[in-house]
Amino acid sequence: MPWRLAVTAAAVTAGAVVYAAAVGKEDVPGAVYVVVPAVVVLPLLMRQAPASFGRACLIVGMMLLWGSPVGAEFGLGPVVAAALLLLAASVADPANSPDCASVTVGLVLPPLFYLLLLFAAW
């Protein structure tokens, strides 16, 4: 289900925003921590219209992917994972549920991604 990928992207973004707000820089305007999750949630508002949902996931995913270098400066580096999840949701087939291998990959890759980010930050 593509909307599950979008919900996961929203959850990843929420976690990144909470972390960045807790340990982030003082010179970052608070609006940054409100706008980023609001943009990620937009595709979920279009869940009933599959074509609009796919387009919204593609547009928001590309915006996040291209804006992630700037977001990384504010402590929002994990938003890259949300961008990739939204791009996957834009092309996912709603008729086919994920099989066991897809679920396993989805559960294993995000922690590895965060470990890679921790190594890069250290």
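Which residues is Leu64 in contact with, leaving aside its neighbours within four places in sequence? The contacts of Leu64 on that basis are Val36, Val40, Val79, Ala83 and Leu86. The model is predicted. The protein has five helices and zero strands, and its elements follow the pattern α-α-α-α-α along the sequence.

**Overall composition**

- Of the 122 residues in the protein, 30% are buried.
- Counting contacts between residues at least 6 apart in sequence, 72% join residues at least 24 apart.

**Nonpolar core**

- The largest nonpolar core consists of 24 residues.
- Val36, Val40, Leu64, Leu76, Val79 and Leu86 have the most contacts inside this core.
- Two or more core residues come from each of helix H1 (2–23), helix H2 (32–45), helix H3 (50–73) and helix H4 (79–91).
- With seven residues, H1 gives the most to the core.

**Val79**

- Val79 is located in helix H4.
- Its relative accessibility is 5%, which is under the 20% limit, so Val79 counts as buried.
- Leaving out residues up to four places away in sequence, Val79 touches Ala16, Val36 and Leu64.
- Val79 and Ala16 are 63 residues apart along the chain, and their C-alpha atoms are separated by 6.8 Å.
- Val79 and Leu64 both belong to the group with the most contacts inside the core.

**Packing of H1 and H2**

- The axes of H1 and H2 come within 9 Å and cross at roughly 175°.
- An angle over 145 degrees counts as roughly antiparallel, and H1 and H2 are therefore roughly antiparallel to each other.
- On the H1 side, the contact is made by Trp3, Ala6, Val7, Ala9, Ala10, Thr13, Val17, Ala20 and Ala21.
- On the H2 side, Tyr33, Val36, Pro37, Val40, Val41 and Leu44 take part.

**Packing of H2 and H3**

- The axes of H2 and H3 come within 7 Å, with a crossing angle of roughly 155°.
- That angle makes H2 roughly antiparallel to H3.
- The crossing of H2 and H3 is left-handed.
- H2 contributes Val36, Val39, Val40, Pro43 and Leu44 to the contact.
- H3 contributes Phe53, Ala56, Cys57, Val60, Met63 and Leu64.
- Val36, Val40 and Leu44 of H2 take part in the contact with H1 and also in the contact with H3.

**Serine side chains**

- Ser68 is placed in helix H3.
- Ser68 counts as buried because its relative accessibility is 12%, where buried means under 20%.
- The Ser68 side chain reaches the backbone oxygen of Leu65 at 2.8 Å.
- Ser90 lies in helix H4.
- The side chain of Ser90 reaches the backbone oxygen of Leu87 at 2.6 Å.
- Not counting residues up to four places away in sequence, Ser90 touches Gly54, Cys57 and Leu58.
- Cys57, one of the residues that Ser90 touches, is also among the H3 residues in the contact with H2.

Terms used. Residues numbered from 1 in each chain as written. Predicted model: local features only at pLDDT ≥ 70, side-chain atom pairs only at ≥ 80, totals over all residues. Heavy atoms only, no water. Core = buried A, V, L, I, M, F, W, Y, C linked by side-chain atoms within 4.5 Å. Buried < 20%, exposed > 50% of the residue type's maximum accessible area, 1.4 Å probe, protein only. Helix = DSSP H or I, 4+ residues; strand = E, 2+ residues; numbered from the N terminus. Contact = heavy atoms within 4.5 Å. Polar contact = N/O pair within 3.5 Å; in protein donor to acceptor, adjacent residues only side chain to side chain. Axes fitted to C-alpha atoms, helices over the stretch in contact; angles between N-to-C directions. Parallel < 35°, antiparallel > 145°, perpendicular 65-115°, else oblique. Left-handed = near helix turned anticlockwise from the far one by under 90°.
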